[in-house]
Amino acid sequence: MTQLTAEQLSELRANLHQQRADIRHRLQNNEHYGLQESMRDNSGELSEIDNHPGDAATDLYHRSMDISLLERDEHELEDIDAALKAMDEGTYGICLTGGEPIPFERLAVVPATRYCKEHNPKQTKPNNRPAEEEFLTPPFGRTSLDENEEQNGFDGEDAWQIVESWGTSNSPAMAESNEIGAYEDMEIEADETEGFVEPWENFIATDIEGNNVTVVRGRSYQHYMDSGEGSYLLDPHGKEDGED
């Protein structure tokens with residue numbers, strides 16, 4: 001049995017009638033979101049086939065949005081009518097799932113609800129995606145092999161990096177990080193090494209037969225050592241003791 005007082009029921013009934021009247025008035029004034037006319041008549045175009053397909057796509061998008069708005073209003077009217085019927089039957093204010101009374105505070109905000117907060121049907125976003133999108137996850141789809149620890153060859157990501165190096169519409173202003181200051185920094189894995197796997201391979205050299213290993217103490221070598229990856233103490237020709 002409902003715990004609501006006669007005064008509370010009267011207030012909630014008045015709210016439901018007002019909501020129903022507002023929805024019906026809105027639907028009547030906007031001709032059910034313009035859906036009573038054809039899309040061609042609603043847009044004012046002589047034909048939906050013109051020289052600008054983008055215009056037709058925009059009209060179709062707005063048409064789909066109007067249908068969604070109309071369906072929402074129709075669902076609200078159904079909920080309101082069900083709530084008013086429950087009032088007449090004396091079952092209003094009782095959760096349909098748990099059977100416990102619905103607090104007046106909740107009914108005052110959502111008078112058409114038939115569920116308490118705990119048992120309110122959850123509205124989850126549908127996850128029905130085209131099967132083709134399976135090839136887009138992870139990025140670059142089935143051609144991206146970075147997840148394979150043994151992969152060090154050319155793959156889809158490398159192909160994109162080559163194309164991306166010629167420029168995209170992305171600018172440093174669109175970067176999420178404040179540390180991005182150049183266009184080349186916007187590239188995917190911009191700091192990725194090229195032509196070698198390990199950083200030290202960039203400054204290690206051998207003769208044509210793979211013998212006589214030498215160290216090319218250039219910028220890559222300096223960066224490698226300063227980043228803590230290596231130790232000057234292990235390099236007999238590196239920095240002298242006490243040198244910064």
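Biologist: Where is Asp-66?
Modeller: Asp-66 is in helix 4. Bear in mind that this is a predicted model.

Biologist: And is Asp-66 buried or exposed?
Modeller: Asp-66 counts as buried, because its relative accessibility is 16%, and the cut-off for buried is under 20%.

Biologist: Which residues does Asp-66 touch, not counting those up to four places away in sequence?
Modeller: Asp-66 touches Tyr-33 and Leu-35.

Biologist: OK, salt bridges next. How many salt bridges does the count come to?
Modeller: The count comes to four salt bridges. In one of them, the side chains of Arg-13 and Asp-88 meet at 3.3 Å, N to O.

Biologist: Which parts does that pair tie together?
Modeller: Arg-13 lies in helix 1 and Asp-88 in helix 4, so the pair joins parts that are 75 residues apart in sequence.

Biologist: How do Asp-88 and Arg-13 count for accessibility?
Modeller: Asp-88 counts as exposed, at 60% relative accessibility. Arg-13 counts as partly exposed, at 30%.

Biologist: What about Asp-73, which residue does its side chain meet in a salt bridge?
Modeller: The side chain of Asp-73 meets that of Arg-26 in a salt bridge of 2.9 Å, N to O. This pair links distant parts of the chain, with Asp-73 in helix 4 and Arg-26 in helix 1, 47 residues apart. The side chain of Asp-73 also meets that of Arg-72 in a salt bridge, at 3.4 Å, N to O.

Biologist: Which residues are linked in that network of salt bridges?
Modeller: The network links Arg-26, Arg-72 and Asp-73.

Biologist: Is Asp-73 buried or exposed?
Modeller: Asp-73 counts as buried, with 0% relative accessibility. Arg-26 is partly exposed, with a relative accessible area of 30%, and Arg-72 is partly exposed too, at 41%.

Biologist: Switching to the nonpolar side of things. How many residues does the largest nonpolar core have?
Modeller: The largest nonpolar core has 19 residues. Among those with the most contacts inside this core are Leu-12, Leu-16, Ile-80 and Met-87. Helix 1 (6–29) and helix 4 (53–89) each supply at least two residues of the core.

Biologist: Which helix gives the most to this core?
Modeller: Helix 4 does, with seven residues.

Biologist: Let's zoom in on Leu-12. What is Leu-12 in contact with, leaving aside neighbours within four places in sequence?
Modeller: The contacts of Leu-12 include Leu-4, Met-87, Tyr-92 and Phe-104. Leu-107, Ala-108 and Pro-111 are also in contact with Leu-12.

Biologist: Cysteines now! How many disulfides does a search of the whole structure find?
Modeller: The search finds zero disulfides.

Biologist: Are Cys-95 and Cys-116 buried or exposed?
Modeller: Cys-95 counts as buried, at 3% relative accessibility. Cys-116 is buried as well, with a relative accessible area of 3%.

Biologist: What about the outside? Which residues make the nonpolar surface patch of about 450 Å²?
Modeller: Phe-154, Ile-162 and Trp-166 make that patch.

Biologist: Where is Phe-154?
Modeller: Phe-154 is in the loop between helix 5 (104–109) and helix 6 (156–164). Phe-154 is exposed, with a relative accessible area of 59%.

Biologist: Last topic, the whole chain. How many helices and strands are there?
Modeller: The protein chain has seven helices and two strands. From the N terminus, the elements run α-α-α-α-α-α-β-β-α.

Biologist: What percentage of the 244 residues count as buried?
Modeller: 19% of the 244 residues count as buried. The accessible surface of the protein chain comes to about 18600 Å², and 51% of it belongs to carbon and sulfur atoms.

Biologist: And the contacts with a separation of 6 or more, what share comes from residues 24 or more positions apart?
Modeller: Residues 24 or more positions apart account for 43% of those contacts in the protein chain.

Biologist: Great, thanks for the tour!

Technical notes:
Residues numbered from 1 in each chain as written. Predicted model: local features only at pLDDT ≥ 70, side-chain atom pairs only at ≥ 80, totals over all residues. Heavy atoms only, no water. Core = buried A, V, L, I, M, F, W, Y, C linked by side-chain atoms within 4.5 Å. Buried < 20%, exposed > 50% of the residue type's maximum accessible area, 1.4 Å probe, protein only. Helix = DSSP H or I, 4+ residues; strand = E, 2+ residues; numbered from the N terminus. Contact = heavy atoms within 4.5 Å. Disulfide = S-S within 2.5 Å. Patch = residues over 30% accessible without salt bridge, like charges linked within 9 Å, V, L, I, M, F, W, Y side chains within 5 Å. Areas by Shrake-Rupley, 256 points an atom, 1.4 Å probe, with all protein chains shown as cover.
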